[in-house]
Amino acid sequence: FIVFVICIQRYDTQRTMNAAHARIASHVRVPPAARRCSSRRCVRTRAMGQDYYTVLGVARGVDEKEMKKAYRQKARKFHPDVNKEPGAEEKFKEISNAYEVLSDPQKRNIYDQFGEDGLRNFGGMGGGGPGGPGMDFTNPFDLFESFFGGAGGMGGPGMGGRAARSNRPTQGDDERYDLSLDFLDAVFGCEREVEIARLEGCEACDASGVKAGTTPTTCSTCGGSGQVVASVRTPLGQFQQIAACQTCGGTGQMSTPCDKCGGDGRIRKPKRISLRVPAGVDNGSRLRVRGEGSAGRRGGPNGDLYVFVDVRPDPELSRDGVDINSTVELPYTDAILGTTVKVRTVDGLVDLKVPNGTQPNTRLSMSKRGVPRLGQANTQRGDHVVTVKVGIPSKLSKEQRELVEKLKELNEGADTKARSGLFGL
């Protein structure tokens with residue numbers, strides 16, 4: 001337990017303590033051994049257990065904003081629906097308990113002055129709970145729900161299950177579908193009919209989750225509110241704690257669950273959806289189809305369907321944003337003399353004029369032969385860029401060799417003449 005030694009000053013210098021603190025101090029149990037002092041003035045000490053500030057990883061002077069941030073990060077990390085490691089749930093409860101105390105100014109003031117013993121002896125945390133004798137904290141999952149606002153607070157399925165059992169409508173989960181497309185279908189867009197599996201309203205119970213032929217009754221514990229309130233009077237005022245009703249699970253009603261859906265009000269079914277893929281999508285693009293996700297509980301709206309695009313590569317063409325890249329190989333004679341070649345583009349075969357004297361790795365551009373810009377008209381397109389590769393033969397016939405040597409002589413003669421003209425010789 002936590003030991004306190006109340007500072008005692010000499011009678012002629014003692015000041016009157018604050019009335020509330022005096023009442024608290026009078027109830028704190030201090031063992032006789034802790035009252036002994038080795039000097040004229042005793043220093044107040046605390047046999048520290050698990051300090052709430054340490055649990056949240058914050059300093060004692062932390063403000064409300066930073067405390068909320070710390071709780072949000074740690075609660076997400078150790079929520080048992082996400083963290084399956086041993087001890088995660090106990091850690092999650094410790095974090096919730098620490099935040100519940102430190103986020104309340106009155107409770108935090110008591111804790112800062114007298115620690116857990118002050119809370120335990122003066123009803124600041126109720127009576128009898130997970131914090132030890134005289135300590136009763138709010139259900140950590142209810143605190144988590146109120147902080148994050150239910151399932152949406154964690155951004156995915158499996159979280160906020162308590163909120164999902166409440167009687168209010170909630171939006172359905174988003175669904176994912178992976179779509180594989182050919183290169184040209186991604187460039188110009190297409191239409192696909194896909195089949196997804198999603199949660200839809202149960203027809204047997206009309207999505208209510210209640211067995212057909214039965215009628216829900218009002219919970220006798222909470223009177224239909226789904227919550228229970230406990231009030232505790234303390235020397236510093238009255239504290240109220242609100243928690244989900246454990247009898248009805250927070251729904252406010254007692255009912256017989258539907259045999260087909262198990263009380264969820266939804267069952268998973270396949271559905272075929274016509275999907276229009278816009279021109280210009282690329283590998284990794286994400287398309288959102290509103291309202292095609294799973295149905296919500298209690299008549300809540302559907303979530304969305306997210307389609308993730310995977311584009312199969314083309315053996316000749318590649319993409320660089322909205323531009324198309326390809327290569328063409330020419331004989332060295334065509335590179336010297338110039339030529340016209342047919343190039344495969346996304347629009348089919350197109351003539352490309354290669355000027356004479358083209359050097360290896362020259363890049364020639366064909367305007368507006370690339371990919372349409374996503375979300376814009378087909379007139380807004382990128383370019384098709386062709387890289388010219390010049391082929392050099394590894395073997396020459398006798399006649400070819402004689403012609404090349406003759407060409408070499410002509411080039412050398414032209415160079416000599418040019419140099420002579422340059423120096424006036």
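This is a predicted model: local features need pLDDT of at least 70, side-chain atom pairs count only at pLDDT 80 or more; totals for chains, interfaces and linings use all residues.
Tyr52 is buried, and Tyr111 is buried as well.

The topic today is aromatic rings. The structure holds 3 aromatic pairs. In the pair made by Tyr52 and Tyr111, the ring centres are 4.6 Å apart and the planes stand at 20°, so this pair is stacked. A stacked pair needs planes under 30 degrees apart. As for where the two residues sit, Tyr52 belongs to helix H3, residues 52–56, while Tyr111 belongs to helix H6, residues 105–121. The pair therefore ties together parts that are 59 residues apart in sequence. Tyr53 comes in here too: ring pairs join Tyr52, Tyr53 and Tyr111 into a cluster.

Next, Tyr71 and Tyr99. Their rings also form a stacked pair, with 4.4 Å from centre to centre and 20° between the planes. Tyr71 is in helix H4, residues 64–78, and Tyr99 is in helix H5, residues 88–102. Those positions are 28 residues apart, and the pair links distant parts of the chain.

Are these two tyrosines, Tyr71 first, buried or exposed? Tyr71 has 0% relative accessibility, so Tyr71 counts as buried. Tyr99 has 7% relative accessibility and therefore counts as buried. The cut-off for buried is under 20%.

Last, charges over rings. The charged end of Lys91 sits over the ring of Phe78, at 5.9 Å from the ring's centre. Further along, Arg176 lies over the face of Phe308, and here the distance to the ring centre is 3.8 Å.

Key:
Residues are numbered from 1 along each chain as its sequence is written. Side-chain values use heavy atoms; hydrogens and water are left out. Rings of Phe, Tyr and Trp (its six-membered ring) pair if their centres lie within 6.5 Å; planes under 30 degrees apart count as stacked, over 60 as edge-to-face and the rest as tilted. Helices (H or I, at least four residues) and strands (E, at least two) are DSSP runs, numbered from the N terminus. Buried means under 20% relative accessible area, exposed over 50%, partly exposed in between (1.4 Å probe, protein chains only). A charge sits over a ring if NZ of Lys or CZ of Arg is within 6 Å of the ring centre and within 35 degrees of the ring normal.
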